[in-house]
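Subject: Structure handover

Hello,

I am passing the structure below on to you. My notes on it follow, so please read them with the structure open.

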Amino acid sequence: MTDLSKIRNFSIIAHIDHGKSTLADRLIQHCGGLTDREMSEQVLDNMDIEKERGITIKAQTVRLNYTARDGETYELNLMDTPGHVDFAYEVSRSLAACEGALLVVDAAQGVEAQTLANVYQSIEHDHEIVPVINKIDLPAAEPERVAEEIEEIVGIEATGAWEEGGAVLTSAKSGIGIEDTLEALVRRIPAPTGDRDAPLKAMLVDSWYDPYLGVVILVRVMDGVIKKGLNVKFMQGGTQHLIDRVGCFTPKRTDLPELGPGEIGFITAQIKEVEQARVGDTITTVKGGAEKALAGYKEVQPVVFCGLFPVDAADFEKLRESIGKLRLNDASFSYEMESSAALGFGFRAGFLGLLHLEIIQERLSREYDLDLITTAPSVVYRVHLGHSKTEDAKTIDIHNPADWPDVNRIETIEEPWIKAVIYTPDEYLGAILKLCQDRRGIQTDLTYVGGRAQVSYELPLNEVVFDFYDRLKSISRGYASFDYEQIGLREGDLVKMNILVNAEAVDALSLIVHRSVAEERGRGMCERLKDLIPRHLFKIPIQAAIGGKVIARETIAALRKDVTAKCYGGDITRKKKLLEKQKKGKARMREYGNVSIPQEAFIAALRMGEE
Amino acid sequence: MARALYIHWPFCIAKCPYCDFNSHVRKTADTDQWRDALLADMHHEHLQAVSEEPLTSIFFGGGTPSLMPPALVAGLLQEAEHLWGFAHDIEITLEANPSSVEAANFADLAAAGVNRVSLGVQSLHDEALRFLGRLHGADEALQAVAVAQDRFERVSIDLIYARPGQSEADWHAELARALSLGTTHMSLYQLTIEPSTRFATDVRQGVFEPLDDDNAADLFGLTRAMTAAAGLPAYEISNHAAPGQESRHNLTYWRYQDYLGIGPGAHGRRCETATVRHRKPENYLAAVAAQRHGIAEARALDRAEQASEALLMGLRLAEGVDLADMARRFGGNPAALIDQAKAQLYHDLGMVWSHGDRFGVTEQGMPLLEALLGELVASDLVAS
Ligand SMILES: Nc1nc2c(ncn2[C@@H]2O[C@H](COP(=O)(O)OP(=O)(O)OP(=O)(O)O)[C@@H](O)[C@H]2O)c(=O)[nH]1
Ligand code: SF4
Ligand SMILES: [Mg+2]
């Protein structure tokens with residue numbers, strides 16, 4: 001057991017890509033958690049998809065021992081967090097388990113939207129924040145300017161030497177300022193408090209499924225001691241479990257005899273499903289347990305929904321199984337079965353954002369070798385229905401355009417809105433304002449700091465779920481950053497737009513749009529589908545319609561020639577190959593009204609592109 | 001039942017830039033060695049083919065079989081007759097380049113037993129012939145046609161159209177002139193850019209642009225109208241003949257009857273087995289030396305595969321296929337051979353026809369044959 005005064009618990013927070021995981025690498029290395037041989041870049045990003053995309057998705061906790069310049073050895077619990085807004089919930093959990101944070105800011109990029117969002121969260125937890133200006137090795141680095149920016153915008157001290165309370169200057173890449181960082185955090189971040197003799201109170205910070213250990217639970221002990229053989233109960237979940245293993249990650253998994261107050265580590269207790277270990281729950285002993293639970297976490301709510309269907313209908317069972325397994329490791333998405341006239345059986349799944357959606361989709365296809373069709377993302381609409389002959393008036397939540405009720409019964413519709421904060425170099429401001437305006441945005445604030453503008457907009461979420469973020473990135477060449485929070489439902493004049501291909505409505509392409517933009521969206525969809533659907537043996541009309549009214553149309557001309565010349569010397573093999581290729585091609589398409597639509601078209605049709 | 005024998009001669013003087021046949025340029029070929037190899041390969045096929053029926057057709061293809069010494073052709077024919085016997089009306093075709101050198105051999109080839117030639121005229125314009133990399137000129141080709149008509153009972157010519165920039169008027173004039181030559185058979189192929197040919201590289205590098213599909217479709221229509229009016233209607237997608245003058249040998253492929261194939265790269269279908277010979281001449285010779293035949297692969301075909309092959313071939317023909325007959329041959333139900341919903345769709349669109357058990361592609365559907373096959377052939381028959 002470590003003396004409380006020698007423990008430091010901290011999260012590393014930053015805007016995406018500012019170098020959190022790389023800094024974590026250096027801290028681990030400096031403290032000898034891993035040898036140089038065992039080290040790899042962003043060693044804590046251990047999922048394939050994290051490695052490939054170079055981003056952190058899942059927060060990771062590591063325990064390090066650091067012998068400081070004062071000669072004392074400290075137990076450091078470091079939590080590396082993701083920078084992307086979709087995974088903000090990972091940050092908030094980590095923050096709740098710490099007393100402080102290292103705020104990493106890129107010395108060239110300066111403060112960005114997610115920097116602010118994370119700082120505010122950290123301040124809410126009463127944290128001590130140690131600013132770290134990273135990437136000072138870059139030619140474009142301006143540590144002084146960024147230090148001023150941190151003081152000015154974030155409101156925490158950053159100028160001046162780190163020993164005097166200023167920011168630590170680092171290059172995580174070249175290993176500069178690593179010891180200074182460790183010293184600063186040992187000196188400035190307060191030690192945890194807690195009572196070893198009080199009833200056990202431990203916060204369930206995270207849980208995931210491990211094929212060897214079953215469900216692994218990350219805990220932060222507040223009071224008391226947790227050890228093997230202890231009978232514990234989850235105060236919210238109400239279940240009881242026998243602890244069979246206690247330990248920490250260094251980052252290698254290491255068993256420990258116990259975890260005392262102020263410590264962060266893992267436990268296992270023969271739990272089969274992550275659902276039983278809900279994050280934010282309080283763990284206490286069965287006998288003589290705590291009376292009052294800790295304040296839990298805000299529940300995360302999926303905000304974006306889409307349909308996931310196997311390309312090959314025969315893969316449905318495989319998809320069901322794979323989604324189930326994936327969900328064991330990521331309780332933040334939800335799913336339920338869905339069936340579509342043309343796509344067959346699949347699932348409607350809810351995600352925390354578009355990156356989250358993309359990642360789940362990619363993991364399903366890669367880790368489980370599934371080919372998927374993803375339908376247009378949509379949000380949840382609240383529809384108020386008047387009474388009908390057989391039914392009273394009622395309110396329903398619609399996750400799927402396919403479930404859109406009969407328009408005659410709809411009295412009002414509400415849709416979710418968000419408050420978006422966009423942070424951008426001011427040369428891109430004009431284009432960004434236009435983008436927000438086009439997406440029905442209402443500007444609520446605009447301030448300038450230096451050469452940068454911060455603009456706040458209220459926007460309907462359904463205008464953002466699709467490609468808003470992509471567009472924002474492309475018009476600002478990647479410089480604008482974006483953060484949002486939900487601000488509730490508002491009434492909107494929404495309609496369901498159907499896309500008809502060869503006179504048949506394609507359920508997977510229908511979407512809910514605001515009446516004011518319906519025609520324009522319809523036209524765009526038809527134009528894109530014209531390019532996305534290959535020519536067929538007959539001409540194909542493509543129409544966008546609201547109810548029975550066609551608001552846009554295009555036609556794909558018929559194919560006129562498809563002959564290959566010779567069939568030489570009885571060589572049938574080549575012709576047969578062609579037939580096999582055609583069959584394979586068709587397997588990647590979906591047929592509606594005799595028209596084969598390539599699976600990519602379902603998403604690509606919605607990409608609004610340069611409007 | 002027809003019995004057909006194909007003999008491949010793999011050599012050419014130069015490689016044409018559009019050509020993806022099994023053709024090779026070699027300075028010399030040892031005639032004795034090739035005679036022995038082809039005879040051994042022929043004997044092997046004879047041992048495999050159980051029935052006593054005589055041959056109904058022989059086809060010398062290439063490469064450029066007109067470069068074969070006539071004595072070699074004669075020797076091979078003698079042996080074939082000795083092994084199987086010849087039907088009284090056997091068709092013996094040889095592919096020839098219409099050059100003056102080769103025309104000089106026509107009399108000897110006819111004496112050896114060849115009674116039909118297929119001349120690779122390709123175009124009646126010198127400029128087009130140069131573009132196609134042909135070594136003969138237009139006048140030379142016309143003379144060769146005349147010599148051939150003199151020497152052989154039946155003469156066919158090949159032309160390649162839908163060339164880059166070719167207009168309807170150009171092709172109209174060229175085809176009219178070709179029809180006026182009075183051959184009773186014509187193979188009219190659209191220029192297609194095949195992978196791993198020089199033209200494929202040229203197109204990739206932007207040296208020229210192939211004719212677009214819309215124009216090519218127009219030329220296809222024109223071709224069919226003109227040949228039909230001249231009494232040489234299309235009996236296969238690219239082949240036109242006066243009634244009774246169809247290539248019996250090629251009909252064997254298209255009707256999916258058995259054919260034996262010997263020589264480098266030759267394909268055969270016999271007794272539910274697909275055979276293919278080694279392609280490269282040297283490998284072929286080495287294989288024959290080692291195993292007394294040139295087979296690289298002999299593979300038994302299951303019923304579904306045979307049915308799909310029969311459809312692929314048969315639907316190229318104006319006469320279409322007899323589904324009931326196919327079902328008898330390959331088992332199963334006639335309706336299971338064709339995707340019925342698609343058949344109905346394309347029937348309504350006027351692209352396919354059916355009369356009783358016969359089913360085929362209409363005049364309107366022919367230019368889209370490749371795509372139609374992908375739609376029509378029942379997907380259960382196609383390997384995935
Ligand atoms: N030049 C330079 N590059 C750095 C430095 N630190 C990190 N990087 C690079 O910045 C990129 C992002 O680094 P990460 O450590 O993955 O950033 P992160 O903040 O963990 O990113 P997320 O977890 O996705 O939010 C990588 O390409 C790093 O190599 C540095 O000090 N100097
Ligand atoms: S002559 Fe015929 S086989 Fe030889 S290269 Fe030319 S096209 Fe090909
Ligand atoms: Mg990271």
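Starting with chain B: it holds 15 helices and 14 strands. Of the 384 residues in chain B, 47% are buried. Among the contacts in chain B with a separation of 6 or more, 71% are between residues 24 or more positions apart. Please keep in mind that this is a predicted model.

The next item is a pair of helices in chain A. Helix H3 of chain A covers residues 88–96, and helix H4 of chain A covers residues 113–124. Their axes lie 10 Å apart, and the two helices pack at an angle of about 30 degrees. H3(A) is therefore roughly parallel to H4(A), since angles under 35 degrees count as such. The crossing of H3(A) with H4(A) is right-handed.

On the H3(A) side, the residues that meet H4(A) are A:Ala88, A:Val91, A:Ser92 and A:Leu95. On the H4(A) side, they are A:Ala117, A:Asn118, A:Gln121 and A:Ser122. By type, the residues of this contact between H3(A) and H4(A) are four nonpolar and four polar, with no charged ones.

The last item is ligand 1. The shell around ligand 1 consists of 21 residues. A:Gly19, A:Ser21, A:Ile55, A:Thr56 and A:Gly83 are the closest. Which helix gives the most to the shell around ligand 1? That is helix H1 of chain A, residues 20–30, which supplies three residues. The shell around ligand 1 is made up of ten polar, six nonpolar and five charged residues.

Regards

Notes. Residues are numbered from 1 along each chain as its sequence is written. Chains are lettered from A and ligands numbered from 1 in the order in which they are written. This is a predicted model: local features need pLDDT of at least 70, side-chain atom pairs count only at pLDDT 80 or more; totals for chains, interfaces and linings use all residues. Axes are lines fitted to C-alpha atoms, for helices over the stretch in contact, and angles run from 0 to 180 degrees between N-to-C directions. Helices (H or I, at least four residues) and strands (E, at least two) are DSSP runs, numbered from the N terminus. Angles under 35 degrees count as roughly parallel, over 145 as roughly antiparallel, 65 to 115 as roughly perpendicular and the rest as oblique. A crossing is left-handed if the near helix is turned anticlockwise from the far one by less than a right angle, and right-handed if clockwise. Two residues are in contact if their C-beta atoms, placed from the backbone, lie within 7 Å. Ala, Val, Leu, Ile, Met, Phe, Trp, Tyr, Cys and Pro count as nonpolar, Asp, Glu, Lys and Arg as charged, and the others, Gly among them, as polar. A residue is near a molecule or strand if its C-beta atom, placed from the backbone, lies within 6 Å of it. A residue is buried if 20 or more other C-beta atoms lie within 10 Å of its own, exposed if 12 or fewer, and partly exposed in between; C-beta atoms are placed from the backbone.
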